[in-house]
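Thanks for asking me to look through this one with you.

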Amino acid sequence: MKTIWHNLKEQLISLSNSLGLAWWVEIVTQNPCCTYYFGPFFSSEEATLASKGYIEDLEIEGAQGIIVNVKRCKPYNLTIAEDLGERIDRKVKPAFSGQV
């Protein structure tokens with residue numbers, strides 16, 4: 001039964017994301033000057049809960065000035081390194097897989 005729910009949830013998230021209705025965690029750091037997107041998520045609650053792990057990872061990596069927004073969007077680039085003028089395209093994995 002879990003597999004059926006997992007597949008259904010994956011399809012719903014994919015559909016929501018294609019319509020721009022999925023929830024994403026947007027994290028902006030001042031140093032380095034970057035914007036990161038993590039998701040997609042089915043609900044704002046799931047995104048908010050997951051954001052804690054992303055924040056911890058960025059803090060461990062030394063990021064400073066962290067600002068977090070949970071919002072509905074459809075990001076084109078998942079990492080934007082403004083200091084370097086780079087747009088880094090990470091592979092999108094469903095949020096419920098536990099990793100992005």
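The points below go from the overall fold to the core, the salt bridges, the surface and a few local details.

1. **Overall layout.** Please keep in mind that this is a predicted model. The protein has two helices and five strands, and from the N terminus on these elements run α-β-β-α-β-β-β. Of its 100 residues, 33% count as buried.

2. **The core.** Which residues make up the largest nonpolar core? There are twelve: Trp 23, Val 25, Ile 27, Cys 34, Tyr 36, Phe 38, Phe 41, Ala 47, Tyr 54, Leu 58, Ala 63 and Ala 81. Strand S1 (23-29), strand S2 (34-41) and H2 each supply at least two residues of this core. S2 gives the most, with four residues.

3. **Ala 81 as a core member.** Ala 81 lies in strand S4, which covers residues 79-81, and belongs to the twelve-residue core. Its relative accessibility is 5%, so Ala 81 counts as buried. It is worth looking at Ala 81 together with Thr 35: the two are 46 residues apart along the chain, yet their C-alpha atoms are separated by 6.6 Å.

4. How many salt bridges does a search of the whole structure find? The search gives two. In one of them, the side chains of Lys 9 and Glu 46 meet at 2.9 Å, N to O. This pair links distant parts of the chain, with Lys 9 in helix H1 (residues 2-18) and Glu 46 in helix H2, 37 residues apart. Lys 9 counts as buried because its relative accessibility is 15%, while Glu 46, at 28%, counts as partly exposed.

5. **Salt bridge between strands.** Lys 71 forms a salt bridge with Glu 26, and the closest N and O atoms are 3.1 Å apart. Here too the pair links distant parts of the chain: Lys 71 is in strand S3 and Glu 26 in strand S1, 45 residues apart. Glu 26 is buried, with a relative accessible area of 9%.

6. **Negative patch.** On the surface, Glu 56, Asp 57, Glu 59 and Glu 61 gather in a patch of negative charge. Among them, Glu 61 has its place in the loop between helix H2 (44-60) and strand S3 (67-72). Glu 61 counts as exposed because its relative accessibility is 65%; the cut-off for exposed is over 50%.

7. **Gly 62, in the loop between H2 and S3.** Gly 62 lies in the loop between H2 and S3. With 42% relative accessibility, Gly 62 counts as partly exposed. Gly 62 and Asn 31 are 31 residues apart in sequence and 8.3 Å apart in space, C-alpha to C-alpha. Asn 31 comes up again in point 9, where a cis peptide bond joins Asn 31 and Pro 32.

8. Trp 5, Leu 8, Leu 12 and Phe 42 make a nonpolar surface patch of about 380 Å². One of these residues, Trp 5, is found in helix H1. As a separate matter, Ile 55 is found in helix H2. Ile 55 is partly exposed, as its relative accessible area is 21%, and buried would mean under 20%. Ile 55 and Val 68 are 13 residues apart in sequence, with 8.3 Å between their C-alpha atoms.

9. **Cis peptide bonds.** Where are the cis bonds to check? A cis peptide bond joins Asn 31 and Pro 32, with omega about 0 degrees. Pro 32 has its place in the loop between S1 and S2. The peptide bond from Gly 39 to Pro 40 is also cis, with omega near 0 degrees.

How values were computed. Residues are numbered from 1 along each chain as its sequence is written. This is a predicted model: local features need pLDDT of at least 70, side-chain atom pairs count only at pLDDT 80 or more; totals for chains, interfaces and linings use all residues. Side-chain values use heavy atoms; hydrogens and water are left out. Patches are made of residues with over 30% relative accessible area and no salt bridge: like charges are joined within 9 Å, nonpolar side chains (Val, Leu, Ile, Met, Phe, Trp, Tyr) within 5 Å. Accessible areas come from the Shrake-Rupley method with a 1.4 Å probe; for residues, only the protein chains shown count as cover. A salt bridge is a side-chain nitrogen of Lys or Arg within 4 Å of a carboxyl oxygen of Asp or Glu. Lys and Arg count as positive and Asp and Glu as negative; His and the chain ends are not counted. The place of a charge is taken as NZ of Lys, CZ of Arg, CG of Asp or CD of Glu. Buried means under 20% relative accessible area, exposed over 50%, partly exposed in between (1.4 Å probe, protein chains only). A nonpolar core is a set of buried Ala, Val, Leu, Ile, Met, Phe, Trp, Tyr and Cys residues joined through side-chain atoms within 4.5 Å.
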